[in-house]
Amino acid sequence: MTAKTQPLKKLKTWKALAAHHKKIKGLHLQKLFAGDPKRGERYAVAAAGLFLDYSKNRIIDETLELLFRLADESGLRAKIDAMFGGEKINITENRAVLHTALRAPKGASITVDGKNVVPEVHAVLDKMAAFSNRVRGGKWKGHTGKRIRNVVNIGIGGSDLGPVMAYEALKHYSERSLTFRFVSNVDGIDLVEATHDLDPAETLFIVSSKTFTTLETMTNAQSARDWLLKGLGGDPKSVAKHFVAVSTNAEKVSAFGIDTANMFGFWDWVGGRYSMDSAIGLSTMLAVGPENFRALLDGFHEMDEHFRAAPFEKNLPVLLALLTVWNTDFLGAETMAVLPYENYLKRFPAYLQQLTMESNGKHVTLDGKHVDYQTGPIYWGEPGTNGQHSFYQLIHQGTRLIPCDFIAFAKALTPLGRHHDILLANVFAQAEALAFGKTADEVKAEGTPDWLVPHRVFEGNRPSNVILAEKLTPSVLGKLVALYEHSVFTQGVIWNIDSFDQWGVELGKVLAQRIVPELESATPPKLKHDSSTNNLIRRYRRMKQTS
C-alpha cells in the first residue's frame, strides 16, 4: 500500500478541526445537554450486541462531521478493505494483517499471496478442539498414567496477556476441575509460585513462542522442564506427555522433547497482540471448551463484519477511534482510562495496554517522516468500583484531562442480592459526575462553609464513553476485543503510522542479550557500555557474590 505523502496537519480537514476546536473549546457539557434534551439519545449507537453512549464527549454535530470527513480524507474505507483483503499493510515487515481470518467462518475465502488461508485456520482449530477434548475428558494421560489436572501456559506479551485475560474474563464458563496458571516474567518467582503446589504427574505445560527462541519464554520453559524431570524421575520421554507447543519451529520444538504432533502453528500475518484467537488461545479453549471458544470467535467475526460494512457514523470502532483522536490531538488528553465494571474483566485494561500502546506508540509516519502530533495515548485502568477508591480523585479533580471508557453489563453472571444494581448505579453516576461536575453555587447551597467550597467543587466537562452489553459471554468478549482492535487500526490510519510492527521492543532485548554473559562470566568481563551501565554491572556482580 502506498503511504500518504501529504502530512496530516496539512490536510484541509485537520486544519478545519483545529479551527473548530478554538471555536468550541469553552463549551461545557452542562450547556450542551441543556441545549439539546435528546443529546443522550442522538449520540448513541447500538450494533453487534453492544451499546455505545458517547454523548458525554466534548463534541457537537460539526465536530463529528469534521471527524468523519477526516476519516474519508485519510482513506480509511480503502484501508479497511486492504486489511480485510490480505494486502501487506504492515509495510515495515512486508506482511499482511489478517487476525480477522482467525475468526472467519469455514466457507469464507481470504487470500494471502494467492492462497486461501481459511482452510488452514480451521484445520488448526479442529486440531486444538480434538486435543482440548482429550485433556478435558481425561483421555490424555501424563507419563505416570494420571490424568491432567493442571495447565500452565508459558509465554510473554501477546502469548500471555491475551490468554490470561480471556481465562479471567471467561472464568464463569471454565472447567473448574482444571487449574490454570500463567507464567510470563523471566523473574524466577513467577514460575516457582505457579508450580509450587502442583503435582508434575498431573501438569501440562503449553509453551507459546512462534520461533521457540524468545528469551523469557524459553528460559521459563527450560526451568519448567527441569522441574518436571526432577519430579518424574528424570526420564526425558516424560516431556512429550507433559509439554505441547504453540510454535512454527518444528526443529527446536522436537529438540526440546515435544512431539511435533502436539505442535500448534500460526502464521506471520498474525501479530502477537492480535493472536488470542489463534493457537495462542489453546489454554482458553482448554478452560472453556471448544464450543465456547468458537462462540468467542463468532463474536470477533460479528464485530469484524460490522466494522467492515457499517457507515462511519454508526460504526462503533470508528466512533471510538475518532473520539480518541479528538481527545488526544485537540483536547490534549495524554491518557485513556478503561474502567470495566465487571470483575471478570480485571485483566482487560492490561491486555489493552499492549494492544493499544504497542500498536500506536510510534513516532514516524508510514513514509518515515517524524510526526508533529500526538499518537498512542497511554491506556490504563482497573475494575470498578475498586478504582473509585483510589485514582478517581485525580480523574475528577486533578489537573489532567483523562477520557474514560466505562464497560458494563445489564445482567450479572453471578447474581447476588442488590450487588449488581449498586454496581451499575456507580457506572452511571461516575459518568454523570465527570460530565456535569458540581458548581460552587451547588456546593454553597448544601451549607458548606465558604473556606471549604473550593475543595468540594467538581469542574466536570470530562469526557467519557459508556459501553453496555447484556451479559459477559464468550461472544461478547470477542466483540469487545475486536472493537478495540479495529479502533486501534482506525487511529493508526488517521495518524498515518504502522500499527502492526513493534520495533520499539527490540533494542532493549538486544542489549540484554549482550549483558547476560557479562553478568554470568566467571571472570570480570571487559565492559564497553556507558559509565552508568558499567558501574551497575560491576556492583551487581559484587553484590551477588556476597553471602
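## Lys346 and its partner

Lys346 is partly exposed, with a relative accessible area of 40%, where buried means under 20% relative accessible area, exposed over 50% and partly exposed in between, using a 1.4 Å probe and protein chains only. Lys346 forms a salt bridge with Glu168, and the closest N and O atoms of the two lie 3.9 Å apart; a salt bridge is a side-chain nitrogen of Lys or Arg within 4 Å of a carboxyl oxygen of Asp or Glu. This pair links distant parts of the chain, 178 residues apart, with Lys346 in the loop between strand 10 (335-340) and helix 15 (348-360) and Glu168 in helix 7 (residues 158-169). Helices (H or I, at least four residues) and strands (E, at least two) are DSSP runs, numbered from the N terminus.

## Basis of the model

This is a predicted model, in which local features need pLDDT of at least 70 and side-chain atom pairs count only at pLDDT 80 or more, while totals for chains, interfaces and linings use all residues. Residues are numbered from 1 along each chain as its sequence is written, and side-chain values use heavy atoms, with hydrogens and water left out.

## Other salt bridges

Across the whole structure, a search finds 23 salt bridges. One of them joins Arg273 to Glu358, with the closest N and O atoms 2.9 Å apart. This pair also links distant parts of the chain, since Arg273 sits in the loop between strand 9 (263-264) and helix 12 (282-288) and Glu358 in helix 15, 85 residues apart. Arg273 counts as buried, at 2% relative accessibility.

Glu93 is partly exposed at a relative accessible area of 22%, and Arg95 is partly exposed at 29%.

Strand 7 (residues 203-208) is mostly covered, with 6 of its 6 residues buried. In a regular strand the side chains alternate between the two faces of the sheet. Here Thr203, Phe205 and Val207 point one way from strand 7, whereas Leu204, Ile206 and Ser208 point the other way, and all are buried.

Two strands pair if DSSP finds at least two bridges between them. Strand 5 (residues 150-154) runs parallel to strand 7 and is joined to it by 5 bridges, with Asn153 standing opposite Ile206 of strand 7. Strand 7 also pairs with strand 8 (residues 243-246) in the parallel sense over 4 bridges, and the partner of Ser208 in strand 8 is Val246.

## Nonpolar cores

A nonpolar core is a set of buried Ala, Val, Leu, Ile, Met, Phe, Trp, Tyr and Cys residues joined through side-chain atoms within 4.5 Å. The largest such core has 124 residues, and those with the most contacts inside it are Trp269, Phe348, Leu477, Leu480 and Tyr484. Helix 20 (residues 474-495) supplies the largest share of this core, 12 residues. A second, separate core of 23 residues includes Ala224, Leu228, Leu229 and Val253.

## Asn262

Asn262 is found in the loop between helix 11 (250-256) and strand 9, and is buried, with a relative accessible area of 11%. Leaving aside residues up to four places away in sequence, Asn262 touches Trp140, Ala240, Val244 and Ala245, where contact means heavy atoms within 4.5 Å.
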